[in-house]
Amino acid sequence: MKFNSIFAISKQINGNPPTNRKLIRREAKIGGKLFGPVPKGHTREFFCLDDRTWVWYEEWNDENSKLHHSTTRYEIYPDKIMKVQNGEFYPLGREEAVNLYKAAQIYNQRIRTELYTQVS
């Protein structure tokens, strides 16, 4: 798992390791900026939850101050990728799968350089 070494480093430096939840929250914030600036009043997160799950989350208020939110989960299987929205499963098309792959590559690069190099 990717967190093992970061826990060891943080424990040596700080005396206690960050929790999995804290690391994922920090990664999600970085991931949310991959697709351009996050508009004021919006929350956008993109992160890797585990070995086979990616999450895209957005939250915003409309012009009437009504709160909206959207969660898309991508589940990776050996032979396919499924997109889950509102409890419904959809197979991912090739173009969207390629875009997810590219986003995951950029995400991994950014969290390594922006988050994990700062801890060490």
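Reader: Is asparagine 108 buried, partly exposed or exposed?
Author: In this predicted model, asparagine 108 lies in helix α3. Buried means under 20% relative accessible area and exposed means over 50%. The relative accessibility of asparagine 108 is 30%, so this residue counts as partly exposed.

Reader: How far apart in space are asparagine 108 and phenylalanine 47, C-alpha to C-alpha?
Author: Asparagine 108 belongs to helix α3. Asparagine 108 and phenylalanine 47 are 61 residues apart in sequence, and in space their C-alpha to C-alpha distance is 9.5 Å.

Reader: What pattern does the chain follow, read along the sequence?
Author: The chain contains three helices and five strands. Read along the sequence, these elements follow the pattern α-α-β-β-β-β-β-α.

Reader: In which sense do β1 and β2 pair, and over how many bridges?
Author: β1 and β2 form a hairpin, with two residues between them. One of the bridges joins glutamate 45 to its partner in β2, tyrosine 57. The sense of the pairing is antiparallel, and the number of bridges is seven.

Reader: Which residue in the turn between β2 and β3 has a positive phi?
Author: β2 and β3 pair in the antiparallel sense over nine bridges. In this pairing, asparagine 61 has leucine 67 of β3 as its bridge partner. The two strands form a hairpin with five residues between them, and the turn residue with a positive phi, of about 65°, is serine 65.

Reader: Which residue in β4 is the bridge partner of arginine 73?
Author: β3 and β4 form a hairpin with two residues between them. The strands run antiparallel and are joined by five bridges, with β4 covering residues 80–85. The bridge partner of arginine 73 in β4 is valine 84.

Reader: How many salt bridges does a search of the whole structure find?
Author: One of them is formed by arginine 44 and glutamate 58, and another by arginine 110 and glutamate 114. For the whole structure, the number found by the search is six.

Reader: How far apart are the closest N and O atoms of arginine 44 and glutamate 58, and what cut-off makes the pair a salt bridge?
Author: A salt bridge requires a side-chain nitrogen of Lys or Arg within 4 Å of a carboxyl oxygen of Asp or Glu. Arginine 44 and glutamate 58 form a salt bridge, with their closest N and O atoms 3.8 Å apart. This pair links distant parts of the chain, 14 residues apart, with arginine 44 in strand β1 and glutamate 58 in strand β2. Both residues are buried, the distance asked for is 3.8 Å, and the cut-off is 4 Å.

Reader: Where do the two partners of the salt bridge between arginine 52 and glutamate 75 lie?
Author: The side chains of arginine 52 and glutamate 75 meet in a salt bridge at 3.4 Å, N to O. The pair links distant parts of the chain, 23 residues apart: arginine 52 lies in the loop between β1 and β2, and glutamate 75 in strand β3.

Reader: Why does glutamate 75 count as buried, and what is its relative accessible area?
Author: Glutamate 75 stands opposite threonine 53 in the strand pairing. Buried means under 20%. Glutamate 75 is therefore buried, its relative accessible area being 9%.

Reader: Which helix holds both arginine 110 and glutamate 114?
Author: Arginine 110 forms a salt bridge with glutamate 114, their closest N and O atoms being 2.3 Å apart. The two residues are four residues apart, about one turn of the helix, and the helix that holds both is α3.

Reader: Which residues do salt bridges that share partners join into one network?
Author: Glutamate 75 forms a salt bridge with arginine 52. Salt bridges that share partners make one network of Arg52, Arg73 and Glu75.

Reader: What percentage of the residues of the chain count as buried?
Author: The chain exposes about 8300 Å², of which carbon and sulfur atoms supply 50%. Of its 120 residues, the percentage that count as buried is 33%.

Conventions: Residues numbered from 1 in each chain as written. Predicted model: local features only at pLDDT ≥ 70, side-chain atom pairs only at ≥ 80, totals over all residues. Heavy atoms only, no water. Buried < 20%, exposed > 50% of the residue type's maximum accessible area, 1.4 Å probe, protein only. Pairing = 2+ DSSP bridges. Areas by Shrake-Rupley, 256 points an atom, 1.4 Å probe, with all protein chains shown as cover.
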